[in-house]
Amino acid sequence: MTPEPDLRDALLAAVPSLRAFAISLSGQVDRADDLVQDTLLRALSNLHRFERGTNLNAWLFTILRNLFHSEYRKRRREVEDPDGSYAGRLKVQPEQGARLDFEDFRSALAKLPPDQREALLLVGASGFSYEEAAHICGCAVGTIKSRVNRARFRLASLLNVDDVDDLGPDSMTRAALQNS
Amino acid sequence: MTGEKGNKLARVIPEEFLDEKLTAEPKLDSTSQKRIGDQLRAMYDELMQQPVPDRFKELLEQLDKKDLETPE
(Lines give C-alpha, C1' and ligand atoms only; values in the text may rest on other atoms or scores of the structure.)
Protein backbone atom coordinates (compact mmCIF):
# COMPACT_ATOMS: atom_id res chain seq x y z
CA MET A 1 0.00 0.00 0.00
CA THR A 2 1.44 3.37 -0.95
CA PRO A 3 0.55 6.44 1.08
CA GLU A 4 -1.84 8.52 -0.95
CA PRO A 5 -1.41 12.28 -0.72
CA ASP A 6 -5.11 12.52 0.17
CA LEU A 7 -4.63 10.34 3.17
CA ARG A 8 -1.57 12.25 4.28
CA ASP A 9 -3.54 15.49 4.09
CA ALA A 10 -6.38 13.90 6.00
CA LEU A 11 -4.00 12.78 8.74
CA LEU A 12 -2.45 16.21 8.98
CA ALA A 13 -5.89 17.79 9.04
CA ALA A 14 -6.83 15.56 11.96
CA VAL A 15 -3.88 16.70 14.09
CA PRO A 16 -5.49 19.83 15.64
CA SER A 17 -8.51 17.89 16.89
CA LEU A 18 -6.37 14.97 18.06
CA ARG A 19 -4.17 17.41 19.98
CA ALA A 20 -7.10 19.24 21.53
CA PHE A 21 -8.53 15.92 22.67
CA ALA A 22 -5.19 14.62 23.95
CA ILE A 23 -4.37 17.83 25.82
CA SER A 24 -7.81 17.95 27.44
CA LEU A 25 -7.66 14.27 28.28
CA SER A 26 -4.15 14.15 29.72
CA GLY A 27 -3.79 17.71 30.95
CA GLN A 28 -0.25 17.96 29.61
CA VAL A 29 0.85 19.38 26.30
CA ASP A 30 4.06 17.33 26.13
CA ARG A 31 2.36 14.09 26.92
CA ALA A 32 -0.46 14.95 24.54
CA ASP A 33 1.97 15.55 21.69
CA ASP A 34 3.64 12.21 22.38
CA LEU A 35 0.23 10.59 22.30
CA VAL A 36 -0.61 12.24 18.99
CA GLN A 37 2.72 11.17 17.53
CA ASP A 38 2.24 7.57 18.69
CA THR A 39 -1.27 7.66 17.29
CA LEU A 40 -0.07 8.77 13.86
CA LEU A 41 2.69 6.15 13.82
CA ARG A 42 0.31 3.42 14.83
CA ALA A 43 -2.25 4.57 12.28
CA LEU A 44 0.40 4.52 9.54
CA SER A 45 1.52 1.02 10.35
CA ASN A 46 -2.08 -0.20 10.54
CA LEU A 47 -3.43 1.59 7.49
CA HIS A 48 -4.42 -1.73 5.95
CA ARG A 49 -6.90 -2.14 8.82
CA PHE A 50 -8.63 1.13 8.15
CA GLU A 51 -11.82 0.66 6.18
CA ARG A 52 -11.90 3.23 3.42
CA GLY A 53 -14.99 5.34 3.44
CA THR A 54 -15.45 5.11 7.20
CA ASN A 55 -14.72 7.95 9.57
CA LEU A 56 -10.95 8.46 9.69
CA ASN A 57 -11.18 10.79 12.68
CA ALA A 58 -13.13 8.28 14.71
CA TRP A 59 -10.54 5.63 13.90
CA LEU A 60 -7.69 7.93 14.96
CA PHE A 61 -9.49 8.94 18.16
CA THR A 62 -9.97 5.26 18.97
CA ILE A 63 -6.24 4.64 18.64
CA LEU A 64 -5.35 7.68 20.72
CA ARG A 65 -7.86 6.85 23.38
CA ASN A 66 -6.61 3.27 23.69
CA LEU A 67 -3.00 4.45 23.89
CA PHE A 68 -3.95 6.92 26.61
CA HIS A 69 -5.71 4.29 28.68
CA SER A 70 -3.01 1.66 28.46
CA GLU A 71 -0.49 4.30 29.45
CA TYR A 72 -2.73 5.56 32.23
CA ARG A 73 -3.13 2.09 33.67
CA LYS A 74 0.61 1.57 33.52
CA ARG A 75 1.28 4.87 35.23
CA ARG A 76 -1.27 4.32 37.91
CA ARG A 77 0.70 1.30 39.00
CA GLU A 78 3.91 3.31 39.06
CA VAL A 79 2.91 6.82 40.08
CA GLU A 80 1.86 7.95 43.54
CA ASP A 81 -0.89 10.47 42.93
CA PRO A 82 -2.02 10.57 39.33
CA ASP A 83 -5.01 12.82 39.88
CA GLY A 84 -3.20 15.36 42.01
CA SER A 85 -0.27 15.57 39.65
CA TYR A 86 -2.62 15.95 36.73
CA ALA A 87 -4.37 18.89 38.34
CA GLY A 88 -1.04 20.47 39.24
CA ARG A 89 0.37 20.21 35.75
CA LEU A 90 -2.72 21.70 34.23
CA LYS A 91 -1.73 25.07 35.65
CA VAL A 92 1.32 25.13 33.38
CA GLN A 93 -1.00 24.84 30.44
CA PRO A 94 -2.07 28.32 29.33
CA GLU A 95 0.14 29.17 26.42
CA GLN A 96 -0.22 31.79 23.75
CA GLY A 97 -2.75 34.20 25.17
CA ALA A 98 -4.85 31.52 26.80
CA ARG A 99 -7.70 33.15 28.61
CA LEU A 100 -7.63 32.99 32.35
CA ASP A 101 -11.28 31.97 32.64
CA PHE A 102 -10.43 28.54 31.33
CA GLU A 103 -8.21 27.91 34.31
CA ASP A 104 -11.14 27.03 36.56
CA PHE A 105 -12.74 24.98 33.87
CA ARG A 106 -9.57 23.02 33.19
CA SER A 107 -8.99 22.17 36.82
CA ALA A 108 -12.63 21.12 37.20
CA LEU A 109 -12.26 18.93 34.12
CA ALA A 110 -9.15 17.39 35.67
CA LYS A 111 -11.15 16.31 38.69
CA LEU A 112 -13.48 14.12 36.63
CA PRO A 113 -12.82 10.39 36.39
CA PRO A 114 -11.06 9.71 33.06
CA ASP A 115 -13.99 7.79 31.56
CA GLN A 116 -16.38 10.67 32.21
CA ARG A 117 -13.87 13.23 30.97
CA GLU A 118 -13.33 11.37 27.74
CA ALA A 119 -17.04 10.85 27.10
CA LEU A 120 -17.75 14.53 27.63
CA LEU A 121 -14.85 15.59 25.38
CA LEU A 122 -15.92 13.28 22.58
CA VAL A 123 -19.57 14.26 22.60
CA GLY A 124 -19.49 17.81 23.93
CA ALA A 125 -16.39 19.13 22.20
CA SER A 126 -15.06 16.85 19.46
CA GLY A 127 -18.39 16.68 17.69
CA PHE A 128 -18.94 12.93 17.77
CA SER A 129 -22.40 11.44 18.09
CA TYR A 130 -23.21 9.26 21.09
CA GLU A 131 -22.98 6.25 18.76
CA GLU A 132 -19.55 7.26 17.48
CA ALA A 133 -18.31 7.94 21.01
CA ALA A 134 -19.56 4.51 22.09
CA HIS A 135 -17.71 2.97 19.18
CA ILE A 136 -14.51 4.85 20.08
CA CYS A 137 -14.71 3.82 23.74
CA GLY A 138 -15.88 0.28 23.01
CA CYS A 139 -18.95 0.54 25.22
CA ALA A 140 -22.72 0.86 24.95
CA VAL A 141 -24.40 4.09 23.88
CA GLY A 142 -26.27 4.19 27.19
CA THR A 143 -22.97 4.08 29.05
CA ILE A 144 -21.71 7.10 27.12
CA LYS A 145 -24.92 9.01 27.77
CA SER A 146 -24.69 8.26 31.43
CA ARG A 147 -21.02 9.29 31.62
CA VAL A 148 -21.66 12.54 29.77
CA ASN A 149 -24.55 13.28 32.04
CA ARG A 150 -22.56 12.63 35.19
CA ALA A 151 -19.60 14.61 33.85
CA ARG A 152 -21.80 17.65 33.21
CA PHE A 153 -23.42 17.41 36.57
CA ARG A 154 -20.11 17.15 38.36
CA LEU A 155 -18.60 20.04 36.39
CA ALA A 156 -21.59 22.20 37.16
CA SER A 157 -21.26 21.60 40.86
CA LEU A 158 -17.47 22.09 40.82
CA LEU A 159 -17.87 25.36 38.94
CA ASN A 160 -20.96 26.41 40.86
CA VAL A 161 -22.77 26.97 37.62
CA ASP A 162 -26.22 28.26 38.44
CA ASP A 163 -25.97 26.88 41.99
CA VAL A 164 -26.87 23.34 41.09
CA ASP A 165 -26.36 22.32 44.69
CA ASP A 166 -29.40 24.36 45.47
CA LEU A 167 -32.00 22.74 43.25
CA GLY A 168 -34.85 24.99 44.24
CA PRO A 169 -38.19 25.40 42.51
CA ASP A 170 -36.76 28.19 40.37
CA SER A 171 -34.29 26.09 38.49
CA MET A 172 -36.82 23.28 38.26
CA THR A 173 -39.37 25.62 36.73
CA ARG A 174 -36.85 27.06 34.36
CA ALA A 175 -35.78 23.62 33.22
CA ALA A 176 -39.40 22.63 32.73
CA LEU A 177 -40.13 25.79 30.73
CA GLN A 178 -37.13 25.30 28.50
CA ASN A 179 -37.89 21.69 27.85
CA SER A 180 -41.45 22.41 26.84
CA MET B 1 -10.55 -2.70 17.05
CA THR B 2 -12.55 -4.74 19.50
CA GLY B 3 -14.96 -1.87 20.16
CA GLU B 4 -16.95 -2.72 17.06
CA LYS B 5 -18.86 -5.57 18.55
CA GLY B 6 -20.09 -3.54 21.52
CA ASN B 7 -21.27 -0.81 19.26
CA LYS B 8 -23.32 -3.06 17.03
CA LEU B 9 -25.00 -4.52 20.08
CA ALA B 10 -25.65 -1.08 21.44
CA ARG B 11 -27.53 -0.07 18.31
CA VAL B 12 -30.03 -2.83 18.86
CA ILE B 13 -31.12 -1.45 22.23
CA PRO B 14 -34.01 0.99 21.76
CA GLU B 15 -33.19 4.58 22.76
CA GLU B 16 -36.28 4.91 24.97
CA PHE B 17 -35.05 2.13 27.17
CA LEU B 18 -31.71 3.88 27.66
CA ASP B 19 -33.33 7.23 28.37
CA GLU B 20 -35.55 5.63 30.92
CA LYS B 21 -32.51 4.28 32.69
CA LEU B 22 -30.96 7.73 32.71
CA THR B 23 -33.79 9.33 34.66
CA ALA B 24 -32.48 7.66 37.79
CA GLU B 25 -29.38 9.85 37.61
CA PRO B 26 -29.10 13.52 38.54
CA LYS B 27 -29.79 15.73 35.57
CA LEU B 28 -28.88 19.34 34.97
CA ASP B 29 -31.37 21.96 33.95
CA SER B 30 -30.78 23.07 30.38
CA THR B 31 -29.39 26.50 31.33
CA SER B 32 -26.55 24.98 33.31
CA GLN B 33 -26.04 22.36 30.67
CA LYS B 34 -25.66 25.05 28.04
CA ARG B 35 -23.18 27.00 30.13
CA ILE B 36 -21.02 23.95 30.69
CA GLY B 37 -21.20 23.13 26.99
CA ASP B 38 -20.28 26.68 25.97
CA GLN B 39 -17.27 26.78 28.28
CA LEU B 40 -16.11 23.40 27.13
CA ARG B 41 -16.30 24.34 23.46
CA ALA B 42 -14.61 27.69 24.06
CA MET B 43 -11.71 25.99 25.83
CA TYR B 44 -11.52 23.37 23.09
CA ASP B 45 -11.68 25.86 20.23
CA GLU B 46 -8.71 27.64 21.68
CA LEU B 47 -6.74 24.39 21.66
CA MET B 48 -7.86 23.62 18.11
CA GLN B 49 -6.52 26.96 16.93
CA GLN B 50 -3.01 26.35 18.17
CA PRO B 51 -0.57 25.89 15.29
CA VAL B 52 0.32 22.30 14.42
CA PRO B 53 3.80 21.56 15.81
CA ASP B 54 6.44 20.98 13.13
CA ARG B 55 7.14 17.46 14.36
CA PHE B 56 3.83 16.26 12.93
CA LYS B 57 4.33 17.94 9.58
CA GLU B 58 7.80 16.43 9.38
CA LEU B 59 6.54 13.02 10.37
CA LEU B 60 3.95 13.01 7.61
CA GLU B 61 6.29 14.52 5.06
CA GLN B 62 8.57 11.56 5.54
CA LEU B 63 5.87 9.48 3.96
CA ASP B 64 6.89 10.93 0.65
CA LYS B 65 10.32 9.44 0.96
CA LYS B 66 9.54 6.19 2.66
CA ASP B 67 7.30 3.41 1.44
CA LEU B 68 4.84 2.35 4.10
CA GLU B 69 5.10 -1.21 2.92
CA THR B 70 8.45 -1.48 4.68
CA PRO B 71 8.17 -0.13 8.21
CA GLU B 72 11.65 -0.30 9.74
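Helices (H or I, at least four residues) and strands (E, at least two) are DSSP runs, numbered from the N terminus. With that in hand, let's work through some exercises.

This is a predicted model, in which local features need pLDDT of at least 70 and side-chain atom pairs count only at pLDDT 80 or more, while totals for chains, interfaces and linings use all residues. Residues are numbered from 1 along each chain as its sequence is written, chains are lettered from A and ligands numbered from 1 in the order in which they are written, and side-chain values use heavy atoms, with hydrogens and water left out.

**Exercise 1. The two chains**

Describe the secondary structure of chain B and of chain A, and say what share of each chain is buried.

Solution. Start with chain B: it has four helices and zero strands, in the order α-α-α-α from the N terminus. Next, chain A has nine helices and zero strands, which read α-α-α-α-α-α-α-α-α along the sequence. Now for burial: a residue is buried under 20% relative accessible area, exposed over 50% and partly exposed in between (1.4 Å probe, protein chains only). By that rule, 33% of the 72 residues in chain B are buried, and for the 180 residues of chain A the share is 52%.

**Exercise 2. Two helices of chain A**

Work out how helix H1 (residues 5–26) and helix H6 (residues 114–125) of chain A are arranged.

Solution. First take the axes, which are lines fitted to C-alpha atoms, for helices over the stretch in contact, with angles from 0 to 180 degrees between N-to-C directions. The axes of H1(A) and H6(A) come within 10 Å and cross at roughly 155°. That makes H1(A) roughly antiparallel to H6(A). (Angles under 35 degrees count as roughly parallel, over 145 as roughly antiparallel, 65 to 115 as roughly perpendicular and the rest as oblique.)

Then find the residues in contact, meaning heavy atoms within 4.5 Å. From H1(A), A:Phe21, A:Ser24 and A:Leu25 meet A:Arg117, A:Glu118, A:Leu121 and A:Leu122 of H6(A).

Finally, look at A:Leu25 in helix H1 of chain A. It counts as buried because its relative accessibility is 0%. Its C-alpha is 8.2 Å from that of A:Ala110, a residue 85 places away in sequence.

**Exercise 3. Across to chain B**

At what angle do H6(A) and helix H3 (residues 30–48) of chain B pack, and which residues make the contact?

Solution. The angle is about 85°, with the axes 10 Å apart. H6(A) and H3(B) are therefore roughly perpendicular to each other. On the H6(A) side the contact uses A:Leu120, A:Leu121, A:Gly124 and A:Ala125, and on the H3(B) side B:Leu40, B:Arg41 and B:Tyr44.
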